[in-house]
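Here are my notes on this one, as numbered points. Have the model open while you read.

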Amino acid sequence: MQNEKLTTNSIDAAELSFNDFKSIVVNDYKIAYESRQASVLGRREVLTGKAKFGIFGDGKEVPQVAMAKAFKNGDWRSGYYRDQTFAFAAGISTIKEFFAQLYANPTDGADPFSGGRQMNCHFATKSINEDGSWNDLTKIKNVSSDISPTGGQMARLVGLAYASKLFRNNKELDYLKNFSVNGNEVAFGTIGNASTSEGVFFEAINAAGVLQVPMAISIWDDAYGISVPAKYQTTKEDISEVLKGFQRDENNAGYEIYKVKGWDYPALCEVYEKAINVCRDEHVPVLIHVTELTQPQGHSTSGSHERYKSKDRLTWESEHDCILKMREWMLESAIVSEEELLELEKAAKVFVRNAQKEAWNEFLDSMKPEQKQVVDFILAMAKNQPELAKISSQLASTADAQRREIFVAARKAIRLSSKQNSPEREDLIKWYQSQDELNYNRYNSKLHTGGKDSPEKIKVVDAVYDEFSKMVDGREILNACFDENFARDQRLVAFGEDLGNIGDVNQGFAGLQTKYGELRVTDTGIREMTIMGQGIGLAMRGLKPIAEIQYLDYLIFALNVLSDDLASLSYRTKGIQKAPVIVRTRGHRLEGVWHSGSPISMLLGSLRGLHLCVPRNMTQAAGMYNTLFRADEPAVVIECLNGYRLKEKLPNNIGEFTVPLGQAEVIEEGTDITVVSYGSTLRIVQEAAEELAVFGISLDIIDPQTLLPFDINHVCSSSLKKTNKLLVVDEDVPGGASAYILQQVLEIQNGYFHLDGQPKTLTAKAHRPPFGSDGDYFSKPSVDDVVETIYQMMHEANPAKFPALY
């Protein structure tokens, strides 16, 4: 019974008897008190070494109980790592599950929020099933998976709230019964007062005010940010004072802003009921500034707040602890007696302690069979190699052995017995190898959702042409693709800077806002972080968003949101949540420092978990979009900036043909050298191939098409078997994406064994390109560079046939 849920109920004083009212209040106090005991005990578990680190929600218990009263089925929370009491009160977590997460227990079901992958107080609810299909999100209380970066929860919060607006106002979405009930869902956000200094907070506040969406943001204000007091954090030391200009006016534009003391239980219940009703019914964003909170155990288990708080402040905090103040109010109001409270508090301590013990024992018990097996294996090996007995006895005597200690012992025994082959050693090796799949599932799986609608399972449909197929601008290819798909799938929405009215700066969406309406094709302000967050939130609620960033260089402004949140979502929830956002942008070849970027290595290093598509032209881009529109995993698509006005043949099935992700294509066949390139530099390579043919040099030109995943069929290494030479050409910095491609081809595909000379890369210079055509020529690979680099490689292989050029 240590895993039971104890949830709060709303208070309607007009209809409740005194006994009913008492029962609700006492139950709320019980939740708050148990949560406090979990914080105290959790900190102790970290300090004794059982857990690695802990951040707890002590001091915020009472307002979180009040917030949970207003949280209904279908609602969403996007919060931060101090909301444990809310999770308990809303029935999202039990205390035993809270401790299982603190111990990082990867056993299925122990930590239902992250499978042991996240710190304590990082909650998530199950949006999707094992096969990737959606649950009925209207029948559960939804929590979008928490992340640790302060303020990071704000970007997606905008999208979660914006989805309710779309569901309420776009009747074509009424068929999506499992995702919304007339857009009545509120998106609850929580944040600490210090984190309101983050840029993403202000961006999100402004975006929600412009959009007028049902977003309810609660600010837990304990006057500090770790050790730094509010006077160094916030103008006027008061965030709701700063935000007064957002208060709704006579035109009903803006926010409803509320301010309430965090220790005043009846006022908190009243404010949350009122604020959330306004938010839900009128679709108005609300801000609830909860002040005079405390943090009894300090910021985290890394230190003590006695180091930086004055004695007066510490005294004030002890007197204004929200649980103490609620207790005083209950006694003064004669709701409960001192004896009843003492009995409740005693029972709560026992309950929490038993839940902690059960979670710890289950964590250890899950590994004891492995510990015993390894001890027995090594002990058997020690008969022929006595020095191994020490390893066996040491592991056997480790009472609280975790998987790390077990595998360290096994691997050490295997290494030390390398010269002593025996059946016993073979048994240990077989056992060790049999654990690979189990440990992969525990610690490494679900980087991608991998469900029934993953991109790899989307049917490949070739583009169809006939004698009537027209040659059109590349931008027209994209426009026709988007038009066909928006007509086919009502879930598709697109938004970004200049996307709506003018149809984007390169006209890919020209005329589509007029055709499909402002709710589906929408302009946004200049706010890259919350454009991405808007996409994440919509995708988590079952829609299919295209979130546009105007230029690839500008993606840097949103990289924190993409990397911290979107890229890790499937992994950090162990596949119980997904957000199939399509991030559309354009880059590579143009001119100038800020509009010609190709920082691919930055994306490769930070966006594992997304698909990274680098189409060479707009037809390939359209095929990738067609795949992604039918799939359920997130991606970035980088269109070639200099390709919008180049002529391409318009496929007859423009909205239907698909380009499979991860499948490289040989776009020109040759015999002398393998050249791997992508995006705009492919045209440079193709042009160079014409001149190189004059010298009798034949190129095998390969377009990987996507970099994540990269060439899953090993087309590159197959080419190397024929040519034995490799050149990688791209526009990233030296050692950037080209180094990644080399690693994939030489190491993953074993291409190294087919080389008869040094592989080369030809990249941009280490700086951003200067403005103008001359700047482009001298800073990015040119046709001349490609010709001479390949010629030099052939010279090194056969100097007699290819004499030196210089």
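1. Start with R572, which sits in helix α20, residues 569-572. Helices here are DSSP runs of H or I with at least four residues, strands are E runs of at least two, and both are numbered from the N terminus. This is a predicted model, where local features need pLDDT of at least 70, side-chain atom pairs count only at pLDDT 80 or more, and totals for chains, interfaces and linings use all residues. Residues are numbered from 1 along each chain as its sequence is written, and side-chain values use heavy atoms, leaving out hydrogens and water.

2. R572 is buried, at 4% relative accessible area (buried is under 20%, with a 1.4 Å probe and protein chains only). Beyond its neighbours within four places in sequence, R572 has contacts (heavy atoms within 4.5 Å) that include F113, R117, D146, R156 and D564.

3. Look at the polar side of R572 too. Its side chain makes a polar contact of 2.7 Å with the side chain of S568 (N or O atoms within 3.5 Å, one able to donate a hydrogen and the other to accept it; residues adjacent in sequence count only if both atoms are side-chain atoms). A polar atom of the R572 side chain also lies 2.7 Å from the backbone oxygen of D565.

4. Now the sheet: six strands, open, paired in parallel, in the order β2-β1-β3-β4-β8-β7. Pairing takes at least two DSSP bridges between two strands. The edges are β2 (142-143) and β7 (256-261), each pairing on one side only.

5. Inside that order, β3 (residues 187-192) and β4 (residues 215-220) run parallel and are joined by six bridges. G192 has W220 in β4 as its bridge partner.

Key. Buried < 20%, exposed > 50% of the residue type's maximum accessible area, 1.4 Å probe, protein only.
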